[in-house]
Structure formats: structure tokens, C-alpha cells
Amino acid sequence: MARRTCIDTRVWYRSARWDRWYIGGVISRLFHIARPVLWINTLGPATVGMWLSGSLWRWEALPILIWLTLPFNLLIYGTNDIFDQETDAKNPRKGTLEGARIRPGEVRLIWSGVLLTNLPFLAYFVLFLPPAAVIWILLCALLFAGYSVPPARFKARPYLDSLSNAAYAFPLVFVPLALSAPVVWPAALGLMAWSAAKHTFDAVQDVDEDRRVRIETTAVRLGPKGVVLWSSTFWALATACFALVNVPVALVNAAIAGSLLYALWRDPTPETGHRLYGFSIAFPYVAGTVAGVQLVAALSLGMYP
């Protein structure tokens with residue numbers, strides 16, 4: 001009897017250990033698919049939006065900030081990976097920190113992860129946030145879902161793929177609205193233009209792969225040289241908007257954008273786009289730090305708003 005109990009205990013322990021390993025593996029995989037290195041693009045605007053509301057910290061913003069980590073980025077990149085499997089299979093940068101390369105058998109896992117992590121937050125927002133904030137949150141989620149999911153699939157529609165990425169700036173709108181604070185529209189509109197420019201600039205590196213599978217993005221339609229003109233127009237607009245809010249941020253934005261565009265203009269190829277991608281990833285970290293340090297200092301010294 002004692003021996004049987006010992007055997008049962010070992011079986012239970014192995015089963016529990018396997019369950020923990022499996023769950024840990026699933027969570028780790030979903031994190032990889034959600035691209036943590038890019039979470040600055042969602043968390044950054046939300047944090048700045050909170051600071052622009054006049055407070056270093058608001059507990060009411062916590063559910064939104066948590067949603068904009070794994071759940072929302074899984075919605076963005078998980079759905080994108082599901083519908084881009086053919087392209088990603090031929091893209092050498094997929095399967096690294098720059099993006100996942102999923103297996104067909106993972107589709108159900110990703111859909112489950114997207115729904116289970118996002119629906120509770122969206123329900124909470126509908127129940128407890130002001131209607132104006134909820135509308136902007138839902139529009140943000142719908143635009144990012146529509147970027148990848150047919151029949152909208154903005155990714156395969158030139159110009160709409162770029163313009164739909166203005167949704168990255170929506171936290172600068174819905175966070176203040178959720179906190180019953182005024183929206184700083186020059187900052188929000190500037191970031192919308194900035195996001196449209198950056199999306200097309202980053203897509204240059206994927207031009208060859210997208211052409212092979214007949215996906216016509218803005219970058220494919222315009223070519224690398226055309227992207228220089230397109231992105232410079234939107235980054236110039238973003239710089240003008242930022243200057244209305246903070247001149248140092250505008251100057252940093254102009255310097256980094258100008259450097260990236262000049263490098264691509266000198267050598268307009270997908271290979272150059274890929275080489276510059278690391279600097280493009282760093283772009284929001286640098287510009288956001290310049291903005292954030294000033295805001296935190298002003299709030300700490302009682303100089304803002």
C-alpha cells in the first residue's frame with residue numbers, strides 16, 4: 001500500500017511538473033509572438049498621455065497600461081503572424097527577436113491567447129471608462145485587427161497600411177479621456193503622422209518578400225526612393241506638431257528622422273532598410289526619453305500643467 005502511494009505521488013509530481021513546463025512554454029511563446037521589444041510603441045504613448053494629464057501616476061490608468069503590454073501586442077502581432085505565414089516563411093528575419101515565425105498548429109493557441117487576454121480588459125473598459133475613451137480604445141483595437149484580418153486587411157492595401165498605423169498614437173487620446181483630462185491634440189496628431197511614416201519606412205526591408213507573395217504595401221508601391229519622400233512628408237508634419245508642444249522633442253525627432261531618411265536615400269534598397277531597422281526601433285526610445293524626462297521633471301517641480 002505504501003509502495004503504491006509512493007508510485008502515485010511520483011506520477012502526480014511528474015504530471016504537475018509537466019503541466020508547469022507546458023504552461024510556462026505556452027506563456028513564453030506568446031510573449032515572443034507579442035514582440036516585447038516593441039511594447040514601447042504602445043506603453044510609451046499611454047504613459048506620456050498619463051503624464052500630459054498632469055500626474056506622474058494615476059491608479060485609474062493601470063488597467064490600460066497592463067492591457068497595452070502582452071494582451072494588446074498579442075492582438076497586433078499574433079493576428080499578423082496568423083495571416084502572414086506565407087510571407088514570414090520566406091523572410092529570414094522572422095523567427096528572431098524581430099518577429100516570430102509561427103507553425104500552422106499554433107494558430108488556435110494564438111487566437112485563444114488573443115481572446116482570453118483581451119476580452120476581459122475590453123469588458124472592463126466598457127463598464128468603467130467614459131464612453132469617449134471606450135470609443136477610441138475600440139477603434140484602436142479594430143484598426144489593428146483590420147490591419148491583418150480579411151476582408152479589411154489594410155496591410156495589403158497601399159497607403160491604408162501606413163495610415164492605419166496612426167492608431168499607435170491613440171493612447172495619447174484615450175488615456176487622458178479615461179482620466180477625465182483634456183487631450184493634447186498637437187502631440188496626438190504629431191504621433192499619428194510619426195507612426196504612419198515609421199511604418200512605411202520599416203516596411204522597406206520586407207519589399208522583396210512582399211513582392212514574391214504579391215502583397216502590395218505602400219513600400220512595395222512606392223519603392224525605397226518613394227518611401228523616402230512619403231516618410232519625410234509625415235515625419236516633417238510630426239516635427240511641426242511636436243514643436244507646438246515641446247521644441248527639444250521636435251528637434252530630436254527631426255535629427256533622427258533626417259538621419260534615417262538620408263541613409264535610405266543614399267542607398268535605397270531593402271538591405272539598407274534592414275540595416276537601419278535597429279536604429280528605427282531605438283527611435284521611440286530616444287525621443288520618448290527626451291519627452292519623458294522633461295515631463296517628469298516638470299511634474300516633480302510643480303511646473304506642469
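Figure 1. Of the 305 residues in the protein chain, 51% are buried, where buried means under 20% relative accessible area, exposed over 50%, and partly exposed in between (1.4 Å probe, protein chains only). This is a predicted model, so local features need pLDDT of at least 70 and side-chain atom pairs count only at pLDDT 80 or more, while totals for chains, interfaces and linings use all residues. Residues are numbered from 1 along each chain as its sequence is written, and side-chain values use heavy atoms, with hydrogens and water left out. The protein chain has 14 helices and zero strands; helices (H or I, at least four residues) and strands (E, at least two) are DSSP runs, numbered from the N terminus. Take contacts between residues at least 6 apart in sequence, and 73% of them join residues at least 24 apart; contact here means heavy atoms within 4.5 Å.

**Figure 2. Helix 4 against helix 6.** Two packed helices are described by the angle between their axes and the distance between the axes. For helix 4 (residues 70–83) and helix 6 (residues 107–128), the angle is about 155° and the axes are 9 Å apart. That angle is why helix 4 counts as roughly antiparallel to helix 6. Axes are lines fitted to C-alpha atoms, for helices over the stretch in contact, and angles run from 0 to 180 degrees between N-to-C directions. Angles under 35 degrees count as roughly parallel, over 145 as roughly antiparallel, 65 to 115 as roughly perpendicular and the rest as oblique. The crossing of helix 4 and helix 6 is left-handed, meaning that the near helix is turned anticlockwise from the far one by less than a right angle (clockwise would be right-handed). On the helix 4 side, look for Pro71, Phe72, Leu74, Leu75, Gly78, Thr79, Ile82 and Phe83. Helix 6 brings Val107, Ile110, Trp111, Gly113, Val114, Thr117, Asn118 and Phe121 to the contact. By class, this contact of helix 4 with helix 6 has eleven nonpolar, five polar and no charged residues. Ala, Val, Leu, Ile, Met, Phe, Trp, Tyr, Cys and Pro count as nonpolar, Asp, Glu, Lys and Arg as charged, and the others, Gly among them, as polar.

**Figure 3. Helix 10 against helix 14.** Helix 10 (residues 185–203) and helix 14 (residues 270–300) pack at about 165°, with their axes 11 Å apart. Because of that angle, helix 10 is roughly antiparallel to helix 14. The crossing of helix 10 and helix 14 is left-handed. Trp194, Lys198, Phe201 and Asp202 of helix 10 meet Leu276, Tyr277, Ser280, Phe283 and Pro284 of helix 14. Sorted by class, the contact of helix 10 with helix 14 comes out at six nonpolar, one polar and two charged residues.

**Figure 4. Thr42 and its polar partner.** Thr42 sits in helix 2 and, at 2% relative accessibility, counts as buried. The side chains of Thr42 and Asn73 are joined by a polar contact of 3.1 Å. A polar contact is a pair of N or O atoms within 3.5 Å; within protein, one must be able to donate a hydrogen and the other to accept it, and residues adjacent in sequence count only if both atoms are side-chain atoms. Not counting residues up to four places away in sequence, Thr42 touches Leu68, Phe72, Asn73, Ile76, Tyr168 and Pro171.

**Figure 5. Arg58 in its loop.** Look for Arg58 in the loop between helix 2 (40–52) and helix 3 (62–67). The Arg58 side chain reaches the backbone oxygen of Leu179 at 3.4 Å. Leaving aside neighbours within four places in sequence, Arg58 is in contact with Met50, Ser53 and Leu179.

Figure 6. Ile102 belongs to the loop between helix 5 (85–88) and helix 6, and is buried, with a relative accessible area of 10%. Ile102 and Ile33 are 69 residues apart along the chain, yet their C-alpha atoms are separated by 8.2 Å. Beyond residues up to four places away in sequence, Ile102 touches Arg29, Ile33, Asp81, Ile82, Gln85, Val107 and Ile110.

Figure 7. The peptide bond from Pro150 to Pro151 is cis, with omega near 5°, and Pro151 is found in the loop between helix 7 (131–148) and helix 8 (160–164). Arg35, in the loop between helix 1 (2–33) and helix 2, has a positive phi near 55° and is buried at 3% relative accessibility. Arg214 lies in the loop between helix 11 (207–212) and helix 12 (218–243), with a positive phi near 60°, and is exposed at 80% relative accessibility.
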